[in-house]
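This report describes two interfaces in a predicted model. The sequence and structure are shown first, followed by the contacts within one chain and then those between chains.

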Amino acid sequence: MVIIDTSALQNLFQLLADEEYQLIGPRISDQAIVYDRIHSPDELPIGWTDEQEAGRYRLKRRNDSHYFGFVVGPHSWKAHLHVPVQKLWEAQRDGPSFEVRLHNDSPPKMAFIGVRACELRAIAIQDRVFLQGTFIDSHYQSRRKNLFIVAVNCTEPGGTCFCTSMNAGPRAEQGFDLALTELVDKNRHVFLVEAGSARGQALLERLPHRPASEADRQLARTLLEKAAQRMGRQMETEGLKERLYENLEHPRWQHVAQRCLSCANCTMVCPTCFCTTVEDVTDLTGETALRIRKWDSCFTSDFSYIHGGSIRSSTSARYRQWMTHKLAGWQDQFGTLGCVGCGRCITWCPVGIDITEEARIIRESTVNP
Amino acid sequence: MAARQDPMIPLPYRIETVQRETGDTFTLTLVPAAGDQIGPFAAGQFNMLYIFGVGEVPISISGDPSESGKLVHTIRAVGSVTRAMQRLKAGQVIGVRGPFGSSWPLEQAQGNDVVVIAGGIGLAPLRPVLYTLVKYRERFGKVILLYGSRTPEDILFRRELEKWRQRFDMEVSITVDRATGRWRGNVGVVTKLIPRAPFDPYSCIAMVCGPEIMMYYSVLSLKDQGVPTECIYISMERNMKCAIGFCGHCQYGPYFICKEGPVFRYDQVESLLNKREI
């Protein structure tokens, strides 16, 4: 582990750009911190933080100049790996037949700047869905394979955070190339940097750096330990899967449905939700046809449509599907929970439905159908 | 599936014949249009069928698994894509991806009585089973087909049913919900045929396909006869967009119907089947 000055961020950005990485990182847009193309550390939300509660998100000025003094916003990195709209293939009519060609969009090499521990876990979970099953999603794979990840350890968790409950943070343990811990006090503002891969190490050696002292490491450890104790939320997962499966007809599903608007915000902001739909389209001549894949949500009525109507016509069935999948089904399907404790679904729910509260009520309930 | 092939890319298949089955149901026989073809299928599996520019739907394979090269699909026109398929003619080309999903337990059925229970279009995914049972008849105990249809006019595969009914080594019973015209056979739900069927409940495999409610009550009746749940198989249906476990639409409890299904051993899904809106 080494120490770099904040000015070395500029060098880091430059080195990545020189290696033809497209940099994507946090910046302020429409009063929220989103992940977008950035070119310089000056574009980072320096001196800003975010206040988060159920159904509430506000940006606020900090009284210091932290580069990463906020948690996570409405965007997640999945928008850059499992993109919201993906052309899958294009078909050309050929006499009575047709020829289908896989769409190859040759994505740029990307470097993600400021990936939190919970988001590293979310990326690992989507890797399992798209890369580690019977079938491989070539579109996800082409974006994922050249990805460079600069992680940032969370020293100030937000009001809806519960990554510790999901064993997903606040410290970035694996799945990054470089991990930064921001150390700020009266006398200095530096980053403690850890390399997580050979190419991370190689890049780090080209940055102006100095060895980290034991005191620096200890400070980072303390900050992270303190952060782990200040999570805004928590979720007990022991036995949760079984309890959810046993309680598919629990009255709580009706209760939450009285508030749930079935708006799909939770699924859009969730960094692991992967469901999609496809659209088949043609041009006016009818000579070419496209298939496009788009993010979809289990909260829409179309999602479960089969001949005759929607299987899940009620909001309670849709909320049950989403939460039971996230916290139970995922474990059977992919050997991991589908939740990383980032708290986005709580913050961005327009009516402030809290997955940790809903899960607790089902888990602690003794009602069995 | 050829190795170079992305699982989302349909292969062109030419329609060899279009057979009208009933007012709203028809059977397409498909042959590869460009040389490339999908891999062999097992009874109970399905393909994704694509009409150029219109859309794609999951349809079970209703043909004989031992006939290679040809694909047979029996389709009911119920939505925009299947209605467009109803207008297709021999010589036209459609796209095929597959085969996908689990299959009926024909291996386990060997040496046992086999009870096939179908409701409506549910007979289509079971027809590959019946072809296999007839072809290797000596490997199985008693073979029983119980088939329920809405009306006599909705009965599928009439000629084959008649042929099977005439065999001495097969029991075929048909019932209709509503008798019309000169129907003189059974009237009522298919579950009523189960207590009368001559099979050994302790040494049989039951394969059931039809509307969920019909499967649910069929299983209850089979259990009443003493058939253990692990000897009963059903085939489930949900919305499907990809058939390869990515789109999430076909989830049923912990399962993806495109991967772990459509054919499930009953005890896998028992706790879900009587719940609403799963």
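Chain B is split into domain 1, residues 11-100, and domain 2, residues 106-235. Between the C-alpha centres of domain 1 and domain 2 of chain B the distance is 24 Å.

**Between the domains of chain B**

Where the two domains of chain B meet, domain 1 contributes 19 residues and domain 2 contributes 16 residues to the contact. About 1200 Å² is buried between domain 1 and domain 2 of chain B, with 59% of that area coming from carbon and sulfur atoms. The rule finds 1 salt bridge across this domain interface of chain B. A salt bridge joins the side chains of B:Asp24 and B:Arg150, with an N to O distance of 3.7 Å. Polar contacts between domain 1 and domain 2 of chain B amount to 2 residue pairs, counting pairs with both residues at pLDDT 80 or more.

On the domain 1 side of chain B, the elements giving two or more residues to the contact with domain 2 are β2 (25-32) and β5 (71-76). Strand β5(B) has the largest share of that side, with 4 residues.

**Between chain B and chain A**

The contact between the chains draws 41 residues from chain B and 51 residues from chain A. Chain B and chain A bury about 3800 Å² between them, and carbon and sulfur atoms supply 61% of it. Within chain B, the residues that lose the most area to chain A are B:Phe52, B:Phe246 and B:Glu277, which together make up 23% of what that side buries.

The rule finds 1 salt bridge between chain B and chain A. B:Glu56 and A:Arg291 form a salt bridge, and their closest N and O atoms are 2.9 Å apart. Between chain B and chain A, 17 residue pairs are in polar contact, both residues being at pLDDT 80 or more.

Three strands of chain B, namely β4 (55-60), β6 (93-100) and β14 (255-256), each supply at least two residues to the side that touches chain A. Of these, β6(B) gives the most, 5 residues. The side of chain B that touches chain A comprises 21 nonpolar, 11 polar and 9 charged residues.

**Salt bridges**

| Residue pair | N to O distance |
|---|---|
| B:Asp24 and B:Arg150 | 3.7 Å |
| B:Glu56 and A:Arg291 | 2.9 Å |

Conventions. Residues are numbered from 1 along each chain as its sequence is written. Chains are lettered from A and ligands numbered from 1 in the order in which they are written. This is a predicted model: local features need pLDDT of at least 70, side-chain atom pairs count only at pLDDT 80 or more; totals for chains, interfaces and linings use all residues. Side-chain values use heavy atoms; hydrogens and water are left out. Contact means heavy atoms within 4.5 Å. Buried area is the accessible area (1.4 Å probe) that two parts lose on being put together, summed over both. A salt bridge is a side-chain nitrogen of Lys or Arg within 4 Å of a carboxyl oxygen of Asp or Glu. A polar contact is a pair of N or O atoms within 3.5 Å; within protein, one must be able to donate a hydrogen and the other to accept it, and residues adjacent in sequence count only if both atoms are side-chain atoms. Ala, Val, Leu, Ile, Met, Phe, Trp, Tyr, Cys and Pro count as nonpolar, Asp, Glu, Lys and Arg as charged, and the others, Gly among them, as polar. Domain bounds come from an automatic or database domain assignment.
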